[in-house]
Structures are given as C-alpha cells and as structure tokens.
Amino acid sequence: MKDRNHLAGVSTTHQVHIIENGLIDIPMLQILQPDGSLHDEAVEPDIDRETATRIYDTMEYIRVLDERMIGAQRQGRISFYLASTGEEAASVASAAALSDNDMIMSQYREQGALAYRGYTTTQFMNQMFSNQEDPNKGRQMPIHYGDKPLNFMTISSPLGTQIPQASGYAYGQKMAGNEAITICYFGEGAASEGDFHAGLNMAAVLNCPVIFFCRNNGYAISTPADEQFAGDGIASRGIGYGVKTIRVDGNDPLAVYAATKQAREIALKENCPVLIEAMTYRLAAHSTSDDPTGYRSREEEDKWRAKDPIQRMAKWLTSKGWYDEDANKKLIEKSRQDVLAALKTSEKVDICPIEDIVTDVYDDVPWHLKEQLDALKSHIKKYPDAYPKTSGRVK
C-alpha cells in the first residue's frame, strides 16, 4: 500500500495568512464586443460558415418558439412555459461545440441545445401538449423534453438532480472507453443545491469526463445573485473542488463556442471535469408564472438588451459576409408559420388513455391501484367540466 500524504503540495507560511474573496481573479472570456466586432486581442475560434449560420438560425428559431409558446400559454392552450430569451447563445453555441455522441443533461432552459441537435417543431409541440405522440406519454410538465436518439436525457423538475447523474454517466462513458463526454446544464440557483457539490466532488475525485455548464443569469427566479452567495460567482467553486474552470461571456456565441470546444477536448483527453460559468441574463420572466417587474427594473433589462446575443452574432456574420438580411426575414417568418401549424395540429391529437397511469407501469396492476383508478374515473365523471379533455374518454 502506498504512503499517502495529504500535505503534498501545501506550502508553508510563518504569519497568519487569510485568503480573501477576490484574491484569485477569474477573468471572463469575451471575443465579440456587444456591437459584434472582435476585441483587438481576441482570437476567432475555428468555425466555418455552415456551423456559424446554423448557430445563428437556431437562436432565431428558439426565440420565435419561445414567443409563440408564451402566447399559447396565455391563451390557455398549454399550462406552463419557460423561455430562454437573452440566453440563447449559452445553450446553442455550446451544443454546437459538442459531438452528437455526447450526452446532454439539461435543466429546463436548454431548448436551444435540443433544437441544434435536430429536435423538430412537431416534437416540441407534442411534448408540450402531452398528447399520444409525446414520448413521455403526458407524464411530464411542458418543456421537460427528452430524446434518446439525440442523446438528450429527459429533464427533471427538481433542481440539480442532473448534476450528480451527469458525473455518474460520464464515469460510465470513461469505463466503457467511449469517445464521448457528458455536458450538464444548470443555473446558478441550482448550484445552491447539495447535488451541485456532490456532483462536482464526485467528478473531480473519479476523473469523470463531464462539462458542468452553469448559466449564471443573475436570478434564481426572483432572488438576485448577490442574495444567493457572497463568493465570486460559481467559477470559484470549481477551483475549490479541483476542477478546471472557465468563465465566459454567455451572450457571446463565439466565446461560448470556443470555451466549450476546448473544455470538451480537455475532458476527453484528460478524463477530467471542466466547469464553465456563462455570465448571461434572463430577459424573459423566469416562467409564465413569474412577473419580473416585482424584483427588477426596466432600466436593468434595457442595459442587457443591448448585449443581445442574436444581434451581436448577426453583426459579426455581416462583417464576415455571411449574413443575408432577406434570407433571415424569410427564416423568421417560416419559423413562425411552422410553429403555428404544428401547434394547431398537436393540440388536436388525443391525450393518452387514463389507464396508462397504471397499466403502462405494471404487467399485473395491484388491487389498490385498480381501486384508485376507479375512484379517479368516478371523480372525473362527477366533475366533467373540470376535465374537458378527459371526461369524454373515461369509461
């Protein structure tokens, strides 16, 4: 058995030495200025026109999808929605830097990553309407997507549960010898959960090839970052756990792409975790159940609108000669029409049979669940107006 020394690498001092917050400066990678121009000392990532255009088009599509589905929720057509307005670059540009074989474990604001992978408008709609075409069979809230062929793990509502799961999945990838990693998305609010600390420590100790991607958008619902923690954001926590760490401007698509691409190379080559903290801002409400005017000012929002990732990338594409304004207008209009058409179709698809609650779980349904199912059916028959989609289908 080898002799272990936990003091190895620890230097010695002869006076009281206090480590203060801010002693270690963690810079933020920024390649594009808000006006879309390159910083003088910035190095453009190796990105071709096709990839850059696909990133931009996906961000535009997601913004259209978000706008339309918020409207659908306000009309009572779906029950709930979470928009990613202002944060599109964080999810889309990072997904563009991955391999299709990499596993994505997200929170609930990464629809951009899923769209970049190829998730269709119809698939988005079927999930949000919880109909028979929904792979989750209506057992999830809207926007809780999952797709096995696209290596996108089904989203869970409880905050932070995907973080230790990502460490475990990445450990399995390493043990299997796969040329793949796992990326795990979450917000800075979820980093306050115990799962964050357990997941990072596990990944660091077991050398798991996983990217922890934190979207620090300034608010955990209505709680601002300065009321969540006193430390230097989330990046400093990665350093504390011995995890390689990058802080990046989350509204800069090129910076996000470059940071994620390098993080993936490190995670795969060295079999180790990397933490990326993307500094961004949620321009939309936390969800359709939230009113941000109660905890932040319009002036604050306007300052961040000037840093819009879509506008920033459009200006950079223009400087490269890769942007066609007329084609972009057609893309936006086509996206609107596609979303509207898929919405109208999916909301007319029947929902799953209520018996699926138990029969699709048990081969031989236990007696007590049969009694509960019968009681539920009786309740629906008694109050049919409260269950318009279900009452006519209960026998």
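**Exercise 1. Find where Glu355 sits, and work out which residues Glu355 is in contact with.**

Step 1: Look at the loop between α11 (325-346) and α12 (356-359), and you'll find Glu355 there. Helices (H or I, at least four residues) and strands (E, at least two) are DSSP runs, numbered from the N terminus. Before going on, note that this is a predicted model: local features need pLDDT of at least 70, side-chain atom pairs count only at pLDDT 80 or more, and totals for chains, interfaces and linings use all residues. Residues are numbered from 1 along each chain as its sequence is written, and side-chain values use heavy atoms, with hydrogens and water left out.

Step 2: Check the cover. Glu355 counts as partly exposed because its relative accessibility is 22%. The cut-offs are: buried under 20% relative accessible area, exposed over 50%, partly exposed in between (1.4 Å probe, protein chains only).

Step 3: List the contacts (heavy atoms within 4.5 Å). Setting aside neighbours within four places in sequence, Glu355 is in contact with Asp360, Leu373 and Lys377.

Step 4: Glu355 and Leu268 lie 87 residues apart in sequence and 45 Å apart in space, C-alpha to C-alpha.

**Exercise 2. Work out the strand order of the open sheet, and which strands are at the edges.**

Step 1: Trace the 6 strands of this open sheet: the order reads β2-β1-β3-β4-β8-β7, with parallel pairing. Two strands pair if DSSP finds at least two bridges between them.

Step 2: The edges are β2 (152-153) and β7 (244-249), each pairing on one side only.

Step 3: Now look at what packs on the sheet. Helix α5 touches β1 (103-105), β2, β3 (182-187) and β4, and its direction makes about 170° with that of β3. That angle uses axes that are lines fitted to C-alpha atoms, for helices over the stretch in contact, and angles run from 0 to 180 degrees between N-to-C directions.

**Exercise 3. Describe the partners of β4 and how well β4 is covered.**

Step 1: On the β3 side, β3 and β4 pair in the parallel sense over 6 bridges. Thr182 stands opposite Val210 in β4.

Step 2: Strand β4 (residues 210-216) also runs parallel to β8 (residues 274-279), joined by 6 bridges. Here, Arg215 stands opposite Ala278 in β8.

Step 3: Count the cover: 7 of the 7 residues of β4 are buried. One face has Val210, Phe212, Cys214 and Asn216, the other Ile211, Phe213 and Arg215.

**Exercise 4. Determine how many residues of helix α2 are buried, and what they pack against.**

Step 1: Go to residues 88-96, which make up α2: 9 of its 9 residues are buried. Among them are Glu88, Ser91 and Ser94.

Step 2: The buried residues of α2 pack against α1 (49-74), α3 (111-117), β3, β4, α8 (253-270) and α10 (309-320).
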